[in-house]
Amino acid sequence: MVKRYSSRREKLDEAFLNKKLLHAKNYDRIAGYFCSSILEVAGEAIEAVSGTVRVVCNSGLLKEDVDVACHAQKMKQEWCAYEPEEKYASEEGVGRLVRLYRLLSSGKLQIRVMPDEVYGLMHGKAGVITYDDGSQTSFVGSINETKSAFRLNYEMVWEDDSAEAIEWVQSEFDFFWNNPYAVNLCDFVVEDIERISRRRVVPLHDWREHAADAIPAAAVEEPVFRKEFGLWEHQKYFVELAFREHQTKDGARFLLADQVGLGKTIQLAMSAKLMALSGDEPILIIVPKTLVFQWQDEMKSLLDMPSAVWTGHGWQDETGYFYPESGIRFILKCPRRVGIVSQGLVARRTESARLLLQGHYECVILDEAHRARRRNPNKDADKNKADSNFLLQFINEISSRTKSLLLATATPVQVNTIEAFDLINALSIPNMKVMGDQYSEWHKHPQKMLDMVCGKVEPPESENAMWDIMRNPFPGRDFSNRITRLRNDLDIGDDVFVLPPEVYTEARRSTQNKIRTLYVTDGFVRNFNPYIRHIVRRTREYLESTINEKTGEPYLKKIEVVLYGENNQDSIPLEGYLRQAYEKAQEFCNLLSQRVKAGGFMSTLILKRIGSTILAGETTAKKMLAWTEEGRQILADEFDTFFEDDGEEEDGAYSEVKQLTPEETELLRELVQMLTMNRDKDPKYERVMEILTKGVRDDKTPWKDRGCIIFSQYFDSAKHLAETLSVDIPGNVIGLYAGGDKSGYFVDGQFHKLLKDDIKSQVKERKIKILVGTDAASEGLNLQTLSTLINLDLPWNPTRLEQRKGRIQRIGQLSDSVSIYNMRYKDSVEDKVHKVLSQRLNDIYDMFGQIPDTLEDVWIDVATNNVEQAMERINAIPQQNPFTIKYETIPPKTEDWNKCAEVLDKSEKMTQLLRGW
């Protein structure tokens, strides 16, 4: 029998749904959009069903999300974007959430979600109800399981209990329920329903009273948790460590030295936000000039955290609004609680830097802190005072004007371990808990103590020397159980870190024995020294191989890297015209470096550029040929290329470099001729095309189908590659991601400008599957939807390669493995660096997390055949890193922030952060 229902005639929720579900045993339902459907389906009538209720609904998932098993994260993002915490804040909404969680957690209500793009939006709403006596009925209608559908909208329902109708609706339901693209409602959504049902908004004043124990309340609803993947366990550990120390009298004093790619920016920014909320002094963040706006963007997008950047002429806030400078002291009038300035401002000893030293701060953060260093690291630090550069001088001075000081670098040691002392010493001013007072052994004999820490020198055995090392400073009570017991035995206050000499001699014998055990058996100098206590360093390998007891999974999901290009089979042969050109370029390099001492860098540039693309090599050779009037005439006569004399007089070494000899000029002429004639026969381009369209070796999956990022050091190489690919792979969108406003995309050879943020979005939505980027893209760009990477050219420094790799080998990567192809010409300079130095460079990288900046000249040494000098530079680096011990043996343990139901008042939080200095 067919029955018809209209909301014009009767209330559908009473006349149809509630009535029909009485005495129901099972209920199968095709619904609509999952966010609203699952919340509204939790009506009283559902609980009247004695058996199982199954609902299939749709969402914005993509088919690829299901294929690569990332649907849980996408479902989480869609759920959070719906803002259920706001929509269901009423008493009635909370009650509905409680019922919904009870239904879901008990298994009574089962939900599966289908991607929209498989069959479109589910406008065909229908259901089958099975009763205790075995009878059934079905219905089809315009309604959805929402309050508006049943109570407010005009809706119609047709009910039909015929066997034919029931079989038809059931078959439709079964098709979707059993579809390979249908996925279960993810655990996060279920757990979040329960969390929101308990949600309580906490005023800022109340939160401040117990902030150290209520960190999750200020973080759980930040974008990094609601829209992204949240904080990793090691990141939460540092945030909790830093913020709880900040709540103490002496504040937080740490050097964050995590390996590259482990997210130090978000750790520092989250710590800074908590400190800004808990205190009333400003936050000052000092970063390299190239990173100031990246920091601002990440704080805004991940933490909803306003800030202002000092441009040199005023402050620019997170909305782009500019506050022009008005008066000499304007730098002290930041319009936000958090101000970001560039390191250059400090390193140049500007008036603005002097003014900053007059302020008082809640926290100062210095990113890339290894740039704050002494100029004389190779002199005996026990006999020679540090000759600090301006950045280190600034940090030493501002240290006494801030409650907390956080430094960050993956390489606290560049060329000498004394550089670690300089950074920890900066943390210690005037804070005695870090390195004791000025008379401590750690201050008086820094190199000797570092040698002990590194195992080069054995700690002294005499009790007097032992106690001098331990007592000044004596570690805090939370560092180990033995230290806690000793502090209790000796009745030492929590804020006392320098003990008098007589404390040991006047102690009971049993206490003295405990002190000696701590020194000898527990290895005090190696395991409890000031460096270990204040340098926090974790490695990717450790986090990927250590199991989190709470989850049974590693702290970081391991993403395997399949590497191509490391053997002769994958290297591209230098042959024919290209070998001749390369040999001409090498000959030119040797002549120039022999003639002028400063010629090494300029001359080897041409080798790097030829190693990128033929076009790049040609461009550089032409520019070098144009250094002289004779060369410009050759370019005009033979190559129809014109360069104007810029008319500027250059002094010093580079002026001498540009005074080319006739022999050098002829070499460049021949080089330009070879490259110009063969511009369209680029072996690297041919290899890129082969990989993108045919795969590599036994893996025949085209990399363009897997999603690929192609990196080059040079914009002209990247642009030429992207444009040519768009012609040879017609119909495909080829993205170009570069510095400044040069980003956009090519289609069929035509360029279209596009903002970087829009490119990121299109990559995320898989509208762009091939992206060509310069190293401007190697920081701050997350490419989890791409699983392959081609390095068109190789910077000698593995750190840069690691940064590139980090764009795809990161949390949220959709594949279990990523493939990387490092392109290099056989017998090129890159090849020589790889063969001669790779093992030692990798040893240094493994030890310190990246290659020190001070080794930039190694590439030039190898290019000019000074391999012995290159090895001397490499071998000058310390052989071990003593700073990983603590954090490589104690797994991070933190609360589950996602489950926190107390939430800091959003408006009060924003009001505090919008306050100016």
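Visitor: What share of the 917 residues in the protein is buried, and what makes a residue count as buried here?

Guide: In this predicted model, buried residues make up 57% of the 917 residues. The secondary structure comes to 45 helices and 27 strands, and of the contacts between residues at least 6 apart in sequence, 75% join residues at least 24 apart.

Visitor: Why is Ser352 called buried?

Guide: Ser352 has a relative accessibility of 15%, and since the cut-off is under 20%, Ser352 therefore counts as buried. Its place is in helix H18 (residues 351-356), and, leaving aside neighbours within four places in sequence, Ser352 is in contact with Trp310, Ile331 and Leu345.

Visitor: What makes Asn416 buried or exposed, and where is its place?

Guide: The relative accessible area of Asn416 is 17%; this value lies under the limit of 20%, so Asn416 is buried. Asn416 belongs to the loop between E17 and H20. Its C-alpha atom is separated by 7.0 Å from that of Asn378, although the two residues are 38 apart along the chain.

Visitor: What makes the largest nonpolar core a core, and which residues touch the most other members?

Guide: The term asks for buried residues of nonpolar kinds, among them Ile, Leu, Phe and Tyr, that are joined through side-chain atoms within 4.5 Å. The largest such set has 68 residues, of which Ile286, Leu356, Phe394, Ile395, Leu407 and Tyr531 touch the most other members. Helix H20 (residues 418-427) gives the largest share of this core, with 7 residues. There is also a second, separate core of 58 residues, including Ile606, Trp627, Leu635 and Ile710.

Visitor: Which residues is Ile286 in contact with, leaving aside its neighbours within four places in sequence?

Guide: The contacts of Ile286 are with Val341, Ser342, Gln343, Val346, Val364, Ile365, Leu366, Asp367, Phe394 and Ile395, where contact means heavy atoms within 4.5 Å.

Visitor: What is the strand order of the open sheet of 9 strands, and which are its edge strands?

Guide: The order is E14-E13-E12-E15-E11-E16-E17-E10-E18, with mixed pairing. Strand E14 (322-324) and strand E18 (535-536) are the edge strands, each pairing on one side only. Helix H19 (residues 390-398) lies across strand E11 (283-287), strand E16 (361-367) and strand E17 (402-408), at about 160° to E16, while H20 lies across strand E10 (253-256), E17 and E18, at about 150° to E10.

Visitor: How do you know that strand E12 (residues 308-310) and strand E15 (residues 338-342) pair?

Guide: Pairing requires at least two bridges between two strands. E12 and E15, which run parallel, are joined by 2 bridges, so they meet that requirement. In E15, Ile340 is the bridge partner of Val309.

Visitor: What is the sense of pairing of E2 with strand E3 (residues 53-59), and how does E2 run with strand E5 (residues 125-131)?

Guide: E2 and E3 pair in the parallel sense over 5 bridges, with Asn58 in E3 as the bridge partner of Tyr33. E2 and E5 run antiparallel and are joined by 6 bridges, with Asp28 opposite Val128 in E5. Strand E2 (residues 24-33) is described as mostly covered, with 7 of its 10 residues buried.

Visitor: What is the order of the open sheet of 8 strands, and what does the twist average?

Guide: The strands follow the order E19-E26-E25-E20-E24-E21-E22-E23, with mixed pairing, and strand E19 (560-564) and strand E23 (750-753) form the edges, each pairing on one side only. The twist averages 20° from one strand to the next. Strand E22 (residues 744-747) pairs with E23 in the antiparallel sense over 4 bridges, and Phe746 stands opposite Phe751 in E23. Helix H39 (residues 715-728) packs on the sheet, touching E20, strand E21 (734-737), E22 and E24, and makes about 170° with the direction of E21.

Visitor: What makes a space inside the protein a cavity, and how many reach 30 Å³ or more?

Guide: A cavity is a set of points where a 1.4 Å probe fits but cannot get out, and the count by this rule is 5 cavities of 30 Å³ or more. The largest cavity, at about 60 Å³, is lined by Phe188, Glu191, Asp192, Arg195, Asn898 and Lys899.

Key:
Residues numbered from 1 in each chain as written. Predicted model: local features only at pLDDT ≥ 70, side-chain atom pairs only at ≥ 80, totals over all residues. Heavy atoms only, no water. Buried < 20%, exposed > 50% of the residue type's maximum accessible area, 1.4 Å probe, protein only. Axes fitted to C-alpha atoms, helices over the stretch in contact; angles between N-to-C directions. 1 Å grid on protein atoms, 1.4 Å probe; cavity = no way out; pocket = protein on both sides within 12 Å on 5 of 7 lines; lining within 4 Å. Points joined across faces, edges and corners; volume = space filled by probe spheres on them.
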